[in-house]
Amino acid sequence: MKKDRMILRTPLPDRLCHWAMVVCFFLVAMSGLSWVFPSLNWFNSVFGTPQMARLLHPIFGIVVFLALVYLFVRFVKYNLFVKEDRIWVDNVKSVVAGDHSKKLRIGKYNAGQKFLFCGTMALICVLLVSGLMIWRAYFAHLFPIPALRLALLVHSLAGISLILLIIGHIYLALWVKGSIRGMVTGYVSHAWAKAHHDRWHAEISTPPTTPTKAKGGRTR
């Protein structure tokens, strides 16, 4: 379909940041799982050698954090909860069933996506703080052993939780036809936007109103 018949949903800089973060997160997640679960020890080969994994894991983790900070600044205004989100929550069963007959008054992101956004941002902050604490080369010597053990436990649990969230995000993106194309090309069809994000579609389809001039040259 021609782009002039499509809607720009995600600009190029945001898409580039998103996909760069995906690559970095995959590397960090694989190497992290190799240390949490001994049976997955071969996962640390994503960085070449176990030594390189130990060196690069925290660095790539910081890259993921910075990418998410950028995405937070770009998208936080669309992920604030509003009164209409309750409609989506009350009809989540019909949403999962693929029933789009009801008007759910969904903005650019639905309530489920907003929960994912908040959870991802909270977990990445926990991972950053706990990860810096256990970063042996620079900060670990500043903390007592009990604090490091607790930080390691928190870091592992937060990492697994974030991986599960991302797996859910990937599944839903594949399940909702057109979502992946929207993140690759940046464009979605009017039909897709109207079916999945009806309030957002109405907002961007409504032409802006221009003030009219009253007699005497005053605008109103």
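**Figure 1. The largest nonpolar core of the predicted model.** This core has 23 residues, and among them M21, F25, V64, L68, L71, I124 and L162 touch the most other members. In soluble globular proteins, nonpolar side chains tend to be buried together.

Figure 2. When neighbours within four places in sequence are left aside, L162 is in contact with F25, T120, L123, I124 and L127. Another core, of 6 residues, lies apart from the largest one, and its members include I7, V176, A193 and W200.

**Figure 3. The packing of helix α2 against helix α5.** Two packed helices are described by the angle between their axes and the distance between the axes. Here the axes of α2 and α5 come within 11 Å and cross at roughly 145°, and the crossing in which α2 passes α5 is left-handed. On the α2 side the contact is made by V64, F65, L68, L71, F72 and F75, which meet F117, T120, M121, I124, C125 and L128 of α5. Sorted by class, this contact of α2 with α5 holds 11 nonpolar residues and 1 polar residue, with no charged residues.

**Figure 4. The salt bridge between D14 and R74.** Side chains of opposite charge can pair when their charged atoms come close. A search of the whole structure finds 4 salt bridges, and one of them joins the side chains of D14 and R74, with 2.8 Å from N to O. This pair links distant parts of the chain, since D14 belongs to helix α1 (residues 12-36) and R74 to helix α2 (residues 50-75), 60 residues apart. D14 is buried, with a relative accessible area of 2%, whereas R74, at 35% relative accessibility, counts as partly exposed.

**Figure 5. The salt bridge between D85 and K114.** The side chains of D85 and K114 meet at 2.8 Å, again given from N to O. Distant parts of the chain are linked by this pair as well, with D85 in helix α3 (residues 85-90) and K114 in helix α5 (residues 111-133), 29 residues apart. Both D85 and K114 are buried.

Figure 6. The side chains of E203 and R199 form a salt bridge of 3.4 Å, N to O. An α-helix has 3.6 residues a turn, so residues three or four places apart point the same way. R199 has a relative accessibility of 12% and therefore counts as buried, the cut-off for this class being under 20%.

**Figure 7. The position of V73 in helix α2.** V73 has a relative accessible area of 59% and so is exposed, the cut-off for that class being over 50%. From V73 to C24 the C-alpha to C-alpha separation is 19 Å in space, and these two residues are 49 residues apart in sequence.

Note on methods
Residues numbered from 1 in each chain as written. Predicted model: local features only at pLDDT ≥ 70, side-chain atom pairs only at ≥ 80, totals over all residues. Heavy atoms only, no water. Helix = DSSP H or I, 4+ residues; strand = E, 2+ residues; numbered from the N terminus. Buried < 20%, exposed > 50% of the residue type's maximum accessible area, 1.4 Å probe, protein only. Axes fitted to C-alpha atoms, helices over the stretch in contact; angles between N-to-C directions. Left-handed = near helix turned anticlockwise from the far one by under 90°. Contact = heavy atoms within 4.5 Å. Nonpolar A, V, L, I, M, F, W, Y, C, P; charged D, E, K, R; others polar. Core = buried A, V, L, I, M, F, W, Y, C linked by side-chain atoms within 4.5 Å.
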